[in-house]
Amino acid sequence: MADTPEPRIPVSAGDVEYAVSLAIAAFRRAPADADWSAQAGPLDWDCWETAEHLADDLFAYAGQIAAPTPPLARYVPFVYTYKREDGPGNTVHVEREGGPEALYEVLEASAGMLAALVATRAPTVRAYHSYGVSDPEGFAAMGVVETLVHAFDIGAGLGVEFTPPSDLCDRTLARMFPEAPADTHRWQTLLWATGRADIPGHDRRRGKWRWRAAPLTEDA
């Protein structure tokens with residue numbers, strides 16, 4: 001008789017806040033004179049801009065599932081602005097005078113909003129994302145992906161290493177990148193899935209990669 005596969009462990013509200021706590025702990029290991037205007041890894045943004053973008057993502061994902069009847073064909077119409085021509089467009093911006101601690105506070109606040117909504121919305125709730133209509137777990141997993149990979153990007157700019165736990169990466173891969181190989185290093189595979197690393201036997205994803213927004217039991 002074939003072994004019964006282990007049931008998939010969903011990405012949870014707690015995973016969102018856990019991922020952000022890991023990222024902030026890594027940033028706090030940076031030297032006191034770390035330059036937040038340094039380029040964030042492979043991105044065209046600096047470390048500060050990337051952290052603001054991350055906070056904005058978490059806020060926006062919370063917004064998508066916040067209304068009693070979430071939108072299914074568009075994003076919630078928050079206004080977003082650009083601080084510079086090639087920078088990220090955000091609704092959320094952080095007071096630079098507050099330094100990195102202000103960034104951390106805003107990241108925690110955005111993560112808390114997303115986690116609270118994921119925890120309280122029924123799993124049957126659906127809301128729009130450009131990659132497909134998603135559910136609360138999907139928005140939680142999007143938040144975890146954004147947090148982990150942008151922590152990697154920011155860490156590269158600040159000179160700190162960031163390696164999240166394998167089980168967190170595994171849950172996130174199973175939900176967002178079900179096509180990813182299951183027998184490779186979990187963190188390297190998440191970096192591969194988002195175009196940031198190579199893994200044995202698989203070419204690096206170049207150009208525009210995307211995750212699966214739709215629930216795994218529904219058509220993508």
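Start by selecting Phe 162: with a relative accessible area of 7%, Phe 162 is buried (under 20% relative accessible area, 1.4 Å probe, protein chains only). This is a predicted model, in which local features need pLDDT of at least 70, side-chain atom pairs count only at pLDDT 80 or more, and totals for chains, interfaces and linings use all residues. Residues are numbered from 1 along each chain as its sequence is written, and side-chain values use heavy atoms, leaving out hydrogens and water.

Rings of Phe, Tyr and Trp (its six-membered ring) pair if their centres lie within 6.5 Å. Planes over 60 degrees apart count as edge-to-face.

Go to Trp 36 and Trp 48. Their pair is edge-to-face, 6.4 Å centre to centre with 85 degrees between the planes. Trp 36 sits in the loop between helix H1 (13–27) and helix H2 (47–64), and Trp 48 in helix H2, so the pair ties together parts twelve residues apart in sequence. Helices here are DSSP runs (H or I, at least four residues), numbered from the N terminus. Both Trp 36 and Trp 48 are buried.

Return to Phe 162 and Trp 187. Their ring centres are 5.9 Å apart and their planes at 85 degrees, so this pair is edge-to-face. Phe 162 lies in the loop between H4 and H5, and Trp 187 in helix H6 (residues 186–193), 25 residues apart.

Last, select Phe 27, Trp 36, Trp 48 and Tyr 104: ring pairs link them into a cluster.

Methods: Phe/Tyr/Trp six-rings, centres within 6.5 Å; stacked < 30°, edge-to-face > 60°. Helix = DSSP H or I, 4+ residues; strand = E, 2+ residues; numbered from the N terminus. Buried < 20%, exposed > 50% of the residue type's maximum accessible area, 1.4 Å probe, protein only.
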